[in-house]
Protein chains: 2
Amino acid sequence: MTKKTGFQPNWRETAPEALSFRSIFKWGAPAVFKHPNARLFELLKSTFSLNDEDFKKRSREGDENVVLTSECHRKLSTEQARFLENIVGKENIQSDDYSRVKFSTGKTMEEIILLRNTTSGDVCDLAVHPRNKSDIQKIVAYAHEWQIPVYVYGGGTSVTLGTRPVRGGITLVMTTHMNRVIEFNETNQTITVESGILGPDLERVLNQAPRLLGARHAYTCGHFPQSFEFSTAGGWIVTKGSGQMSSYYGDACDMVISQEYVTPAGSFKTLDYPSTATGPMINDIMKGSEGAFGVLISVTLKIFQYQPGNRKRFSYFFRSFSEAITACREISQGGFGMPSVLRISDPEETWVGLKQHGIEGTLLDRFVVRKGYIPFERCLLIGHTEGESGFSRNVYKMIKKICTCHGAMSLTGYPVKKWEKSKFADPYMREDLNDFGIVIDTLETAVTWDKLHRVYTEVRTYITSRPQTLCLTHCSHFYPQGTNLYFIFIGRFPTLDDYKSFQLGVIEQIVKSGGSLSHHHGVGKMTATLIGKHLGKEQMAVLKALKAHFDPKGIMNPGGTLGLDQCVHEYHTTGAAPINVKLL
Amino acid sequence: MTKKTGFQPNWRETAPEALSFRSIFKWGAPAVFKHPNARLFELLKSTFSLNDEDFKKRSREGDENVVLTSECHRKLSTEQARFLENIVGKENIQSDDYSRVKFSTGKTMEEIILLRNTTSGDVCDLAVHPRNKSDIQKIVAYAHEWQIPVYVYGGGTSVTLGTRPVRGGITLVMTTHMNRVIEFNETNQTITVESGILGPDLERVLNQAPRLLGARHAYTCGHFPQSFEFSTAGGWIVTKGSGQMSSYYGDACDMVISQEYVTPAGSFKTLDYPSTATGPMINDIMKGSEGAFGVLISVTLKIFQYQPGNRKRFSYFFRSFSEAITACREISQGGFGMPSVLRISDPEETWVGLKQHGIEGTLLDRFVVRKGYIPFERCLLIGHTEGESGFSRNVYKMIKKICTCHGAMSLTGYPVKKWEKSKFADPYMREDLNDFGIVIDTLETAVTWDKLHRVYTEVRTYITSRPQTLCLTHCSHFYPQGTNLYFIFIGRFPTLDDYKSFQLGVIEQIVKSGGSLSHHHGVGKMTATLIGKHLGKEQMAVLKALKAHFDPKGIMNPGGTLGLDQCVHEYHTTGAAPINVKLL
């Protein structure tokens, strides 16, 4: 262990310049920061054999203004650009370098690394801000005619290269205009919104429905992914996202009653019945289409009565990961409904979490250790219930009963409140670590209960077998038949190629040991080369048949999305040409 | 009103002869009967201006042995038949007239009428009883090569001409061999079964899991359609069925974790993760495919802990249909979970139900009327809760609170117990009525809450505007966003053509007023000509693209299924040639 020195690293506290690379890759609001605390800093130093000196000077901060290299020349002709201008108006088209990069880039680690090195992947020719469905119909029809690629940019929080263009073309920016509430239907308990609406805008309208809409109740959308503040309703659905409260409210896809699309093969709005027996549901077929079939225009979502006063918080220490998992399985299968938040940290994440929250080493901690809840074995479970008050109370009671039965010790609602405060803030720490050459990234998977321990052990072994690499794991989305595994890894990588090769290894290990390719991040272009094997050729052929139907000329989000066309994102592993982008 | 005479109609009490038409169309078990009681009989007489004399002689009972007319000649060659024999063995192929009719016929009213007239629609050439997936793979590959139609027969309870062949070919009978439990996975709370397993066989294994499978708990499949005793797990899924307990357990499709199919475009088993973000789900795409994409081989279903002791029964009288609906909407949107059974009868069904159960006119009834629950206005709500005991109690409590708030009077659990006893038995009454020239049939739809009253009123007006036609309606599947409407109509029709013309009018009225084409009966070949308009051409084109992918030569359940190819089932309305089949 390194000695504690009282030294504080030179974490950056200034917002990025307006037109800089950093303004594109920095997470969230420009002037908001969340720095690792002193204990986490000590952990980083000891893990990576660094000292205070190493945390004095930040590097590759990306403060340079965005300038595109000559390689990124436009592929659209002047006539084509003018035609598009005529559709949406001059003020809704951007062709400057900054806009082209900004609206071509998500939050994938690879993209961040490139931007920090003042370079970018391929970019769109034009960022177009459509005003309505009619604009998009005209644009898609024109693009189809002239075979111009069309990309869709929502909140830009994809971590799977979901927004990366690969052949120039048009990126539709949905948040600028197409962010309106179209219909609030209290009788049906639904809201219809344009796909570009951001999480907080949607949630605000619903929470304040009595005042803003004259509703009898206040409502919630129930969907709170970590990206909530910066992602869009459309993005949630086309990538099959899950929120932190999915165990009670469902995944994004479960909330979708109906969708309206514009595709090269025509426009349509799916049926909005709560259930019908009229053949395979087009509404389901479009979920997860990641922009490769068409553009999601609007969506009708289920909403839920907002009753925050009924929330009941709980947290428990378990003596082992295995006992915590068994308890959560019994909770998920108990037939009494689900808590809204349920979250188990594995021993390593528990260890880091206690550091972060200042609990490690306290009197309380020592008491707990004596009770048999040993560091590196013990696991923290946190969560809260909601819904109608009697329902919420009963779920709380049953969770207590099950946890106690598996040897858990209650830690009150305190750790949950801590977690709630920072539940959207953790991604801010990424820039701090990156500024000192440390990569923090995540990969995630869905597992059935019977495969959970195998996937957990094999993937964790793979990650931690790399020297000086931390791996924190949790489960946070629960179903009667299984859960997810969310792997956070922290390491140092000499080059982008080294990083990508490691990342590919983790993904391959996840799938090999029995996990799905993704639980809620989607496929994008990042893991597109792997989906064919994951689904098998017969099922990939079904997706390709749908692609051929909706988009026969391959203009919708081309470049490998969902493995539906030639993937231009290659993992550079042994034998392939390394990308000459340094990280250290 | 006719006078009560004490006369009992000559309801049939003998099982059909083994090889008769009647043995094919009679509902359920051959020697099981449920006759209308005396009050219902009086109602029929008064409604149709009939007298006791009219109920002495049954007609068109279909006791004749099945003999096919020369029109139904085989279309398969001797070599083809021999090739199929080599696959499954001689003992698993039937080409006799009786088998060809039996395995070509469901329980659609039209089919029953034809059989009663000792005729049938088109029939298959061969009934083939495959033993396993490999048999089916060989058969489908051969049929694809030689363009031989392939139909799938599960329990044969379709009421939408789902099993009707139209061009000869092969019908695969799934219940003979492919009815096995493949895997019981208690950790994941799933069971994998072959698609031909019947409801009671599945439920028995689950209820007795501790004894039969060494399980820790007893389980239930949670799916109890009225056809439960005679329908198959595969049939539930490919037609998108709903059980009487769907409000708690979900519709059939909600229970499906994974499916295995054999199609002309190859065989595959869909991913079995509880949730994944890997593009549009093939598992969803196959649900509701009604045999038009391929053959469902096996399915992995969610199962639920079986806790019948926690069931709590309730029933309420409401002063009006509208108050009952509002209460059920509030129940469905309350955030406390759902009861397993919830069922509102409209005033007319309530009136008939009270007759049937002998409550009408009793002391209790007179008391209730004085309290303002007036015949032809009042509505009966029945149901029960289940799940974990605290959950079940809380749902029960909340239902009581909401119903009371809407002016309802509790009638205890007694009417529910009555209903439970006969919940699978009502279809037996159909033969009794048919024997005396009275048709009883049903049509159903899904509605959002805001359209419910319009659909209810307009469809009911349409039905009851026909002279001497009863219309009983209920809602029995509830969602936060809406429910279903189930219309039972009873009438006399001179010819099959008259009947079909009326039926078409009801369906058109359902769709016109805002209901879906079906909530849980499926589309089959019966309403196939209407689905194109219902979905719109853009969405029909998606289904057709999938059809072209899975079944490029159109051999899977051809003849109009889901509107995917040329529909041979025409509604003979004014101007078209009438079918010369008499009903009276």
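The model is predicted, and its local features are considered only where pLDDT is at least 70.

**An open sheet in chain B**

In chain B, 5 strands form an open sheet in the order E5-E6-E10-E8-E9, with antiparallel pairing. Its edges are strand E5 (181-185) and strand E9 (266-269) of chain B, each of which pairs on one side only. On average, and with direction ignored, neighbouring strands of this sheet are turned by 10° against each other. As a general point, strands of a sheet pair through backbone hydrogen bonds, in either the parallel or the antiparallel sense.

Strand E10(B) can be followed through its partners in this sheet. It is mostly covered, with 8 of its 8 residues buried. Strand E6 (residues 190-194) of chain B pairs with E10(B), residues 295-302, in the antiparallel sense over 5 bridges, and Ile191(B) stands opposite Leu301(B) of E10(B). Strand E8 (residues 256-263) of chain B also pairs with E10(B) in the antiparallel sense, over 6 bridges, and here Gln259(B) has Val299(B) of E10(B) as its bridge partner.

**Strand E17 of chain B and its partners**

Strand E17 (residues 470-475) of chain B is likewise mostly covered, since 6 of its 6 residues are buried. The burial involves both faces of E17(B): Leu470(B), Leu472(B) and His474(B) lie on one side, while Cys471(B), Thr473(B) and Cys475(B) lie on the other, and all are buried. Strand E13 (residues 341-345) of chain B runs antiparallel to E17(B) and is joined to it by 2 bridges, with Ile344(B) standing opposite Cys475(B) of E17(B). E17(B) also pairs in the antiparallel sense with strand E19 (residues 482-491) of chain B over 5 bridges, and in E19(B) the bridge partner of Thr473(B) is Phe487(B).

| Strand pair | Sense | Bridges |
|---|---|---|
| E6(B) and E10(B) | antiparallel | 5 bridges |
| E8(B) and E10(B) | antiparallel | 6 bridges |
| E13(B) and E17(B) | antiparallel | 2 bridges |
| E17(B) and E19(B) | antiparallel | 5 bridges |

**The contact between the chains**

The contact takes 76 residues from chain B and 76 residues from chain A. On the side of chain B that touches chain A, the elements that give two or more residues include E9, strand E16 (439-448), helix H15 (389-405), helix H18 (449-464) and helix H20 (528-535) of chain B. H21(B) gives the most to this side, with 8 residues. The residues of the side of chain B that touches chain A divide into 28 nonpolar, 37 polar and 11 charged.

**A helix pair in chain A**

In chain A, the axes of helix H18 (residues 449-464) and helix H19 (residues 496-512) come within 9 Å and cross at roughly 160°. H18(A) and H19(A) are therefore roughly antiparallel to each other, and their crossing is right-handed. H18(A) brings Val455(A), Glu458(A), Val459(A), Tyr462(A) and Ile463(A) to the contact, and H19(A) brings Gly505(A), Val506(A), Gln509(A) and Ile510(A). The residues of this contact of H18(A) with H19(A) divide into 6 nonpolar, 2 polar and 1 charged.

Methods. Residues numbered from 1 in each chain as written. Chains lettered and ligands numbered in written order. Predicted model: local features only at pLDDT ≥ 70, side-chain atom pairs only at ≥ 80, totals over all residues. Pairing = 2+ DSSP bridges. Helix = DSSP H or I, 4+ residues; strand = E, 2+ residues; numbered from the N terminus. Axes fitted to C-alpha atoms, helices over the stretch in contact; angles between N-to-C directions. Buried ≥ 20, exposed ≤ 12 C-beta atoms within 10 Å, placed from the backbone. Contact = placed C-beta atoms within 7 Å. Nonpolar A, V, L, I, M, F, W, Y, C, P; charged D, E, K, R; others polar. Parallel < 35°, antiparallel > 145°, perpendicular 65-115°, else oblique. Left-handed = near helix turned anticlockwise from the far one by under 90°.
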